[in-house]
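Subject: Structure for you to look at

Hi there,

Here is the structure I promised to pass on, and my notes on it follow below. Please have it open in your viewer while you read.

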Amino acid sequence: MSLANEESKQATQALINEVLEAYPEKSRKRRAKHIGIQTAEAKDCDVKSNVKSIPGVMTIRGCAYAGSKGVVWGPIKDMIHISHGPVGCGYYSWSGRRNYYIGVTGVDSWGTMHFTSDFQEKDIVFGGDKKLAKVIDEINDLFPLVNGISIQSECPIGLIGDDIEAVARNKSAEIGKPIVPVRCEGFRGVSQSLGHHIANDTIRDWVFDKIEPNAEFEKTPYDVTIIGDYNIGGDAWSSRILLEEIGLRVIAQWSGDGTLAELENTPLAKVNLIHCYRSMNYIARHMEEKFNIPWMEYNFFGPSQIAESLRKIAALFDDKIQANAEAVIAKYQPLVDGVIAKYKPRLEGKKVMLYVGGLRPRHVVDAYHDLGMEVTGTGYEFAHNDDYQRTTHYTKEGTLIYDDVTAYEFEKFVEKLDPDLVASGIKEKYVFQKMGKPFRQMHSWDYSGPYHGYDGFAIFARDMDMAINNPVWTLTKAPWA
Amino acid sequence: MPQNPEKVIDHMELFRQPEYKDVFGRKQAEFEYGHPKEEVSRVAEWTKSEEYKAKNFSREALTINPTKACQPLGAVFAAQGFEGTMPFVHGSQGCVAYYRSHLTRHFKEPNSAVSSSMTEDAAVFGGLNNMIDGLANTYSLYQPKMIAVLTTCMAEVIGDDLQGFIVNAKNKDSIPQDFPAPHAHTPAFVGSHVTGYDNMMKGVLNYFWDAEGSPAREETDSINVIGGFDGYAVGNNRELKRIFGLFGIDATILSDVSDVFDTPTDGQFRLYDGGTTLEQTKAAKNAKATISMQEYCTPQTLSYIKDKDQAVAKFNYPMGVGATDEFLLKLVELTGKPVPAELTLERGRLVDAIADSHTHIHGKRFAVYGDPDFCLGMSKFLMEMGAEPVHILSTSGSKKWDKQVQKLLDSSPFGKSGASYGGKDLWHLRSLLFTDPVDYIIGNSYGKYLERDTKIPLIRLTYPIFDRHHHHRYPTWGYQGGLNVLVRILDKILDDYDQKTNIAGETDYSFDLIR
């Protein structure tokens, strides 16, 4: 390690120590394990992950319900997802994630609606199973085109011991449609991550194990799926178009703009292509074991990664697909060149600090590199060790890594490291903008997008430029202050 | 290739391009196994029918698109209006992320609250340890002046005893013995965010007013005002303060979020800014009276204050001329001070504005939905302008509220075609809008789905407004607020006229320059 690197590493370590200083001792010890500096030797960024948040801090994490309803199940458009329990969880997760879909809302699609059993005190005392059964009847009555129902359990359901599985079984037999009970109570696990896992397991147990794929479905050697794309701002669409262009057939999208039929037919795929590894690796692994379907992780953020991923995907198929992949990469090269020529001069050398969930703390790093930008800090809301192992591939030595960063730590890190852009979520957005820091929301793409694929990269570049180079940031200090 | 570096298009245009339409068509035809188009149209039409409405209204268990959130949201909002206060939500942590996001999306401001992050072990053994460690962390990290403790449904179901836990935590030195830590039980399965507001407000007052050794009440000339859960609190509280200034009334807004949710962008992030000071909160016990601007946000609080021998008065989100008159007359009655000339002028100006514009509003039919007080205040103002509130709906509305709405409707000939729908939701309203259409809908951002389905224009005038910016900076209370509300309604009506008449050569004989 060079002397300069060693010095900067020491400075970063001093900053970490200084930030940790504010905690009571017990919490300081716990938090210290989650903050680190990327070194060449560390295989997992040298931070601990996937353990409980310390109480009494502003963690940015959500809960298992958010993982299941908000991410995995909620975007399946032709099913109705019941927020089972009190009114709040469904209310707050109503329409917030921009999982685009095509369908007639309220008639054959329900993605931007909020269905709840709206628990009252008596439901807590006497149990809510009867009410749930009635809710299902009423759904089936009012929405005859619904293809299936999921029950997303909120905290009290598990605590009062309701048997939602029994209700699901009975009612499913009665109405002749799949009903999936999901035990994603918010107190389970340490973050939304367990909700993803639980939701994946219910797909295994209540979709794959109960329903046969359609017998009339004609397989082709080019059948793939998009797994772990939630179609935020249309991401899955700008990914799908590329896979189709190289000659593959996308037989299912999980779960943005997805349907129950697509879930059911997924085991007929030749290969599962997984974008958000964190939220969907469980089901991909299961399909590998049970149906012998290989899976591959890909990254469609930024031209370097898109090209690499397209080639890796094509390598799983024949010469024709490989030639197509090269042709598609070549076809989009002028767009890539144009975007980079336009935006790189405005963004070159700018420093970014990231803090997001799922895959983005690593996947978007190279998209920034493509624009000549540098990622100086990154971290995950709900990663596990294997995510951090995957992160070292993307991050440079000396990068500050913060797992489950608290609002306090993040603010201090940004204050001291002074990046040119902070890219995180809605709860963080205004904190940093008040500080005069350009900011982009990387959960919702700040209501823009898509960011995936070549079409998405152009938007990504435009958005980063508009965040960093907007004149408003020159106005934050009054001339007399 | 639809994308071009010279003119980058995003989702709004990108996915309208033929390349993507092909992608969508193939997906739908080959993999979705959807229902035939005719069937979808047939069902879509059926959802607009009287038959469907009857089915929809016979629902007993299912709630669809309600106009209510859960208690803790209201409690967090109430707590945040006090100086240097960090809401500490005892229970599982996802909830806090939701409250913070929700309030942030409306106000476009940072929103601070912490969680005790209870998980499975706490579900079994209780959350005492989370409270002990959590309060210590909050205290050292965020250096609040007060920590307001409240619960989620998880903590309520397992029966955690907040008061006992806080005492325990203090005994373990998590926070100093004399550190203010009021609390409120806010189970999500009782009431709504409106109830949570009430519970937390009462919790805070109770903490200071009944503290050991706190001096006995000595009445002063001061007046307390409680705004209630109000998405326009930034504009409204400032307007109230201006009115009190004109009157020369010494008033305290209890839970004043106006500066908390409106900090400047000047290079500095303020974790705490503004809010009712703790000294003011203590002193509020001695006030001559407390005025609640929203009755349904304060029943327990007002009853508590009344028990302290303080006069109380309540309003239902007062908007418009008559409602503001009543509010000002109440101030006169309570303080003995006359209405300032400036406000009389403003009153005349609002009447002038209504007179100038009433032709566009008179006889128009409206659906109004939202929190119980908002619905009452809005309907009253509509009738005052000659409009007809037809469907008045609040998922938090009780039987008592239904009666109150009916009484209001009965008070004016413009209320003749109106009816109230307490406990009903926006899917009920959708049926009503098809079977008994109105000209305009007034409500929050969630109404945009109703607007899309029914083609009835939506006027956004309550919480939450996610898809329009900065409305909360403008008051809706007082004569100035009335003027803002009038202009927002008129803008929509006049835009609507233009949209209905703008086809060249076909409808544009009514596309008038002067309206």
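The largest nonpolar core holds 268 residues, and those with the most contacts inside it are Phe143(A), Tyr368(A), Met378(B) and Ile489(B). By nonpolar core I mean a set of buried Ala, Val, Leu, Ile, Met, Phe, Trp, Tyr and Cys residues joined through side-chain atoms within 4.5 Å. Buried stands for under 20% relative accessible area, exposed for over 50%, and partly exposed for what lies in between (1.4 Å probe, protein chains only). The biggest contribution to this core is made by helix H14 (residues 319-347) of chain A, with 10 residues. Helices (H or I, at least four residues) and strands (E, at least two) are DSSP runs, numbered from the N terminus. A second, separate core of 43 residues includes Phe410(A), Met435(A), Ile166(B) and Ala181(B).

Before going on, the conventions: this is a predicted model, in which local features need pLDDT of at least 70 and side-chain atom pairs count only at pLDDT 80 or more, while totals for chains, interfaces and linings use all residues. Residues are numbered from 1 along each chain as its sequence is written, chains are lettered from A and ligands numbered from 1 in the order in which they are written, and side-chain values use heavy atoms, with hydrogens and water left out.

Back to Met378(B): setting aside residues up to four places away in sequence, Met378(B) touches Met319(B), Val368(B), Ile442(B), Leu461(B), Val485(B) and Ile489(B). Contact here is heavy atoms within 4.5 Å.

Next, a sheet in chain B. Four strands make an open, parallel sheet in the order E7-E6-E8-E9; two strands pair if DSSP finds at least two bridges between them. Strand E7 (251-254) and strand E9 (311-314) of chain B are at the edges with a single partner strand each, so one side of each has no neighbour in the sheet. From one strand to the next, the twist averages 20 degrees. Strand E6 (residues 223-226) of chain B pairs with strand E8 (residues 289-292) of chain B over 4 bridges, and E6(B) pairs with E7(B) over 4 bridges as well. Val225(B) stands opposite Ile291(B) in E8(B), while Ile223(B) has Ala251(B) in E7(B) as its bridge partner. Which way do the side chains of E6(B) point? Ile223(B) and Val225(B) point one way, Asn224(B) and Ile226(B) the other, and all are buried.

In chain A, Ala252(A) belongs to strand E7 (residues 249-255) and is buried, at 0% relative accessible area. Beyond its neighbours within four places in sequence, Ala252(A) is in contact with Val224(A), Thr225(A), Ile226(A), Glu262(A) and Thr266(A).

Finally, the aromatics: the whole structure has 52 aromatic pairs over all chains. Rings of Phe, Tyr and Trp (its six-membered ring) pair if their centres lie within 6.5 Å; planes under 30 degrees apart count as stacked, over 60 as edge-to-face and the rest as tilted. Tyr317(B) and Trp477(B) are an edge-to-face pair, 5.1 Å centre to centre with 70 degrees between the planes. Tyr317(B) lies in the loop between E9 and helix H15 (320-335) of chain B, and Trp477(B) in the loop between strand E14 (458-460) and helix H21 (478-501) of chain B, so the pair ties together parts 160 residues apart in sequence.

Best wishes

Note on methods: Axes fitted to C-alpha atoms, helices over the stretch in contact; angles between N-to-C directions.
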